[in-house]
Amino acid sequence: MALPRLDNRAARALFMHHHALAEQPSGGAKGADLLEMIHRLGFVQLDSINTVARAHDMILFSRRPSYRPKNLKRLYESDKALFEHWTHDAAVIPMAFYPHWHLRFQRDAQKLRARWKNWRRDGYEERFQTVLRHIQDHGPVCSSDVGKDEEKTSGGWWDWHPSKTALEYLWRSGALTVVGRVGFQKHFDLTERVIEQHLCPGVLPCDADRTVDWLCNAALDRLGFATSGEIAAFWDTVTPAEAKLWCVQALTKGEIQEIEVECADGRLRKCFTRHKAVATAQAVPTAPGRIRVLSPFDPMLRDRHRAERLFGFYYRIEVFVPEAKRTYGYYVFPLLEGDRLIGRIDMKAQRDASELSIKAVWPERKIRWSDARTKRLESELDRVRRFAGLDKVVFQDGWLRDPV
């Protein structure tokens with residue numbers, strides 16, 4: 001029998017629905033409303049680059065325009081409704097998910113010891129107890145508060161001094177918890193002073209099978225449809241082999257089904273999904289026609305290959321590419337219009353002049369740029385300008401470029 005099929009438009013609609021981008025960008029953006037949004041996304045990636053606004057703030061603003069950075073800070077640092085740890089990168093995660101991170105703590109402890117055994121700055125393991133005692137006696141610390149007698153260099157993350165390495169290891173393995181950031185610098189405290197005692201590692205037993213089941217279910221529910229590899233990659237805790245086995249077992253139990261998903265180029269790709277997914281996709285309302293600026297780290301774009309398959313949109317961030325070799329720019333934002341990724345924009349907040357400077361816009365090849373589209377872009381940029389606390393938007397000469 002032929003597998004059920006999602007055509008490309010329906011697949012995009014379902015994927016955007018699960019990422020809260022198929023609906024009007026409106027609604028509450030603080031407290032319980034903001035927490036519900038983060039719960040729906042699963043996590044929000046943190047990033048320090050502040051070309052216009054930081055990635056986590058742009059992610060939330062693109063879905064809830066009334067959002068302001070202080071709302072996330074309050075939810076995280078004051079309400080303790082979120083915790084910070086790793087998925088595929090550093091992220092804020094609903095505290096309700098914390099018990100499912102015990103497996104991550106265990107796996108990171110093993111992985112990092114193996115990865116760092118040839119660390120060029122030896123001695124971080126010998127600093128564990130010293131760092132823990134310092135925090136016990138003095139309260140939360142950042143990396144500059146420890147290892148003051150150790151040589152510090154500007155060599156980058158690979159040349160951390162031993163006490164900073166110890167801090168990071170103790171956090172990643174669960175002994176410490178990040179309680180907030182100041183100037184984007186993490187501050188750490190003992191986990192037992194931050195997390196409710198019954199949830200702490202070593203108190204709540206870690207059931208690996210149960211955790212893998214939860215992580216796979218939660219990943220599929222946020223992706224809408226996925227291969228076993230995409231399920232494993234979502235939280236980046238479950239191994240590909242574990243995800244593959246989970247899919248086989250869930251399929252056998254009738255909890256999921258296999259379907260064919262049409263890619264942007266017409267190719268068909270087999271994926272797993274819930275039984276109601278095809279009907280849900282057909283019921284998703286037409287996505288808003290307004291243009292939205294997305295963060296390069298938006299959840300919809302986290303898996304670059306998936307975005308390319310579904311939207312025909314090839315995107316790579318060029319922060320680490322030498323300037324002469326960049327195709328677009330240092331930090332270029334994707335542009336979403338309706339259910340299509342229509343281009344990318346190179347812009348920067350010039351805070352000394354209080355202006356949002358637009359250097360370039362590159363439409364995708366199949367997009368015909370019109371005056372009406374420029375008007376929609378101007379409306380979105382005015383919203384971004386206000387969000388970034390700037391007074392005006394300035395387009396540089398020659399800003400509209402030919403597709404690359």
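A cavity here is a set of points, on a 1 Å grid over the protein atoms alone, where a 1.4 Å probe fits but cannot get out. Its volume is the space filled by probe spheres set on the points, with grid points joined across faces, edges and corners.

Before you click around: this is a predicted model, where local features need pLDDT of at least 70, side-chain atom pairs count only at pLDDT 80 or more, and totals for chains, interfaces and linings use all residues. Residues are numbered from 1 along each chain as its sequence is written, and side-chain values use heavy atoms, leaving out hydrogens and water.

Searching the whole structure turns up six cavities of 30 Å³ or more. Select its lining (residues with an atom within 4 Å of a point): Phe15, His19, Phe43, Leu223, Phe234, Pro299, Met300, Arg302, Asp303 and Arg306.

Next stop, the second largest cavity, about 60 Å³ in volume. Pick out Phe225, Glu230, Val261, Cys263, Arg269, Cys271, Arg306, Arg309 and Leu310 around it. Color helix H13 (304-311) and strand E9 (268-273), which each supply at least two lining residues; H13 gives the most, with three. Helices (H or I, at least four residues) and strands (E, at least two) are DSSP runs, numbered from the N terminus.

Now jump to strand E3, residues 82-86, where four of the five residues are buried, meaning under 20% relative accessible area with a 1.4 Å probe, protein chains only. A hairpin of three residues joins E3 to E4. Finish on phenylalanine 83, which stands opposite isoleucine 93 in E4.

Conventions:
Buried means under 20% relative accessible area, exposed over 50%, partly exposed in between (1.4 Å probe, protein chains only). Two strands pair if DSSP finds at least two bridges between them. On a 1 Å grid over the protein atoms alone, a cavity is a set of points where a 1.4 Å probe fits but cannot get out, and a pocket is an open set with protein on both sides within 12 Å along at least five of seven lines; lining residues have an atom within 4 Å of a point.
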